[in-house]
Amino acid sequence: GAKIERSAALTTKMSLTGSKRRVEYGDMVVLYRSYVRLFTGLMHRGGKVRTPNGLFRHDDLVGRCYGERVKAYGKGTGISALLYPSPELWTRALTHRTQILYKADISWILYELRLRPGCVVYESGTGSGSLSTAIARTVAPFGHLHTFEFNQKRVDAARQDFIKNGIDHVVTVRHRDVCQNKFPRLVRTSSDGSTERIGVDAVFLDLPSPWVVVVSAKDVLREGGRFCSFSPCIEQVQRTCAKLDQFGFTDITTVEVLMRKYDIRSKKYTLPATTYKVVDVTDIEKFNSRRNAEQQSKSKKQGRKRKRGKADGTENDDDGDDGEAKAMDQGASDVDDDDGSNDTNNEKTTKKNDVGKKRTRMMARRSDLETTEPVVVFSPMTNARGHTGYLTFATRPIQFITT
């Protein structure tokens with residue numbers, strides 16, 4: 001096919017809050033090799049993305065459509081998908097400066113904080129920016145996230161990541177220890193120069209001592225605003241809940257979010273012999289006839305064997321009685337041409353065949369219950385992610401004025 005023309009006039013800015021069709025210089029792209037092998041690169045002239053499966057040149061990627069499969073340069077055998085970045089992909093591909101939250105916890109936090117476009121959020125504990133990126137996409141384009149981090153190096157790294165992902169207009173990251181200096185109050189300046197203090201819609205804490213910040217969080221929250229704290233230890237949760245209750249928060253709840261993956265596949269299998277199966281009358285008659293013939297054949301063989309044993313003098317009467325008991329335990333009737341036991345068996349079989357005129361339940365052997373159509377079965381994966389932490393939620397109550 002014709003070679004794609006790389007135009008220098010591409011100016012659409014990439015952002016995690018939007019979408020694009022083609023890759024441009026200055027874009028952050030994700031090379032998706034597998035679920036656990038993702039690589040990112042900020043496109044610039046002469047740049048390269050090195051992966052274990054080959055080298056990808058930025059100049060070869062620019063101009064391609066997102067979603068295409070691209071092959072490594074030169075002798076590289078790697079083939080990856082060229083994906084537009086999203087908060088979910090960024091969570092899996094980012095550089096871990098701290099432990100991060102994953103989509104199970106992130107999705108529940110966004111839901112419980114009741115975030116939507118236009119919300120203003122305070123976050124303390126930026127870390128690697130995994131949750132910050134998801135919040136920014138949720139509150140965009142009219143909302144804003146103010147995130148605070150006490151480590152200056154992590155602040156600088158997070159700021160660069162926000163710029164690369166095109167969400168720096170939605171996120172403001174600051175160097176601040178809110179445990180000692182509290183949250184800053186948010187002020188809005190009107191056109192006439194007057195200032196008005198406003199409350200934020202939600203506060204999220206990822207701190208070793210979240211109970212210390214409860215008072216400051218209440219001070220900056222609007223009435224009806226939501227509070228959330230992430231803590232790995234239950235002792236932290238207990239102290240935080242006690243503090244929230246002391247300062248009048250309501251709807252205090254703590255949850256632990258665990259995500260379990262299931263292996264779903266279609267296969268044929270054999271039901272246990274003790275399983276009942278619903279069949280038609282015609283099937284019952286066929287089954288009983290076949291079972292009758294097998295029992296009679298087995299009984300005749302046992303009878304002939306017993307007679308040969310008596311004739312050879314190798315089996316006494318007690319042995320014969322034991323053989324009969326064993327045969328009866330196995331569900332078979334002994335057949336003796338002289339005592340007429342076949343007639344008794346035939347009477348029992350006739351009574352069984354009369355049971356059920358339309359449909360009935362009966363016990364069948366494994367070979368009679370083997371499925372002919374594939375059955376969808378599922379089982380939990382053995383490598384399920386374990387405990388990450390506890391999420392504590394609360395609401396600042398609305399104060400009603402009584403007259």
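I looked up R222 and found it partly exposed, because its relative accessible area is 31%. The model is predicted, and I kept that in mind for every entry below.

R222 forms a salt bridge with D201, and the closest N and O atoms are 2.6 Å apart. I checked where the two sit: R222 is in strand β13 and D201 in strand β12, 21 residues apart, and the pair links distant parts of the chain. D201 counts as buried, because its relative accessibility is 15% and the limit for buried is under 20%.

I then searched the whole structure and got 12 salt bridges. I noted a second one, in which the side chains of K20 and E24 meet at 3.1 Å, N to O. K20 counts as buried at 14% relative accessibility, and E24 counts as buried at 7%. Salt bridges that share partners join K20, E24 and D27 into one network.

**R97 and D161**

Which side chain meets that of R97 in a salt bridge? I found D161, at 3.1 Å from N to O. D161 belongs to helix α5, while R97 lies in the loop between α2 and α3, and the two are 64 residues apart. D161 counts as buried at 11% relative accessibility. R97 is partly exposed, with a relative accessible area of 24%.

**S128**

S128 lies in the loop between β7 (120-124) and α4 (130-139). Is S128 buried or exposed? I read a relative accessible area of 4%, so S128 is buried. Its side chain reaches the backbone nitrogen of T98 at 3.0 Å. I also took the C-alpha to C-alpha distance to Q99, which is 7.6 Å, although S128 and Q99 are 29 residues apart in sequence.

**T91**

T91 lies in helix α2 (residues 87-93). T91 is buried, as its relative accessible area is 6%. A polar atom of the T91 side chain lies 2.9 Å from the backbone oxygen of P87. Leaving out residues up to four places away in sequence, I listed the contacts of T91 as H96, I100, L101, Y102, I106 and S130.

**The core and helix α3**

The largest nonpolar core has 31 residues, and I109, L115 and I135 have the most contacts inside it. Elements that give two or more residues to this core include α3 (103-112), α5 (152-164) and β19 (390-395). Which element gives the most? I found α4, with 5 residues.

Beyond its neighbours within four places in sequence, L115 is in contact with L110, V121, I135, T138 and A202.

In α3 I found A104, D105, I106, I109, L110 and E112 buried. These buried residues pack against α2, α4, β12, β13 and β19. Just after α3, R114 takes a positive phi of about 60°.

**A patch on the surface**

Last, I looked at the outside. Y262, I264, V376 and F378 form a nonpolar patch on the surface, with about 470 Å² of accessible area together. The elements that give two or more residues to the patch are β15 (262-267) and β18 (375-380). I264 is placed in strand β15. I264 counts as exposed, because its relative accessibility is 59% and the limit for exposed is over 50%.

Methods:
Residues are numbered from 1 along each chain as its sequence is written. This is a predicted model: local features need pLDDT of at least 70, side-chain atom pairs count only at pLDDT 80 or more; totals for chains, interfaces and linings use all residues. Side-chain values use heavy atoms; hydrogens and water are left out. Patches are made of residues with over 30% relative accessible area and no salt bridge: like charges are joined within 9 Å, nonpolar side chains (Val, Leu, Ile, Met, Phe, Trp, Tyr) within 5 Å. Accessible areas come from the Shrake-Rupley method with a 1.4 Å probe; for residues, only the protein chains shown count as cover. A salt bridge is a side-chain nitrogen of Lys or Arg within 4 Å of a carboxyl oxygen of Asp or Glu. Helices (H or I, at least four residues) and strands (E, at least two) are DSSP runs, numbered from the N terminus. Buried means under 20% relative accessible area, exposed over 50%, partly exposed in between (1.4 Å probe, protein chains only). A polar contact is a pair of N or O atoms within 3.5 Å; within protein, one must be able to donate a hydrogen and the other to accept it, and residues adjacent in sequence count only if both atoms are side-chain atoms. Contact means heavy atoms within 4.5 Å. A nonpolar core is a set of buried Ala, Val, Leu, Ile, Met, Phe, Trp, Tyr and Cys residues joined through side-chain atoms within 4.5 Å.
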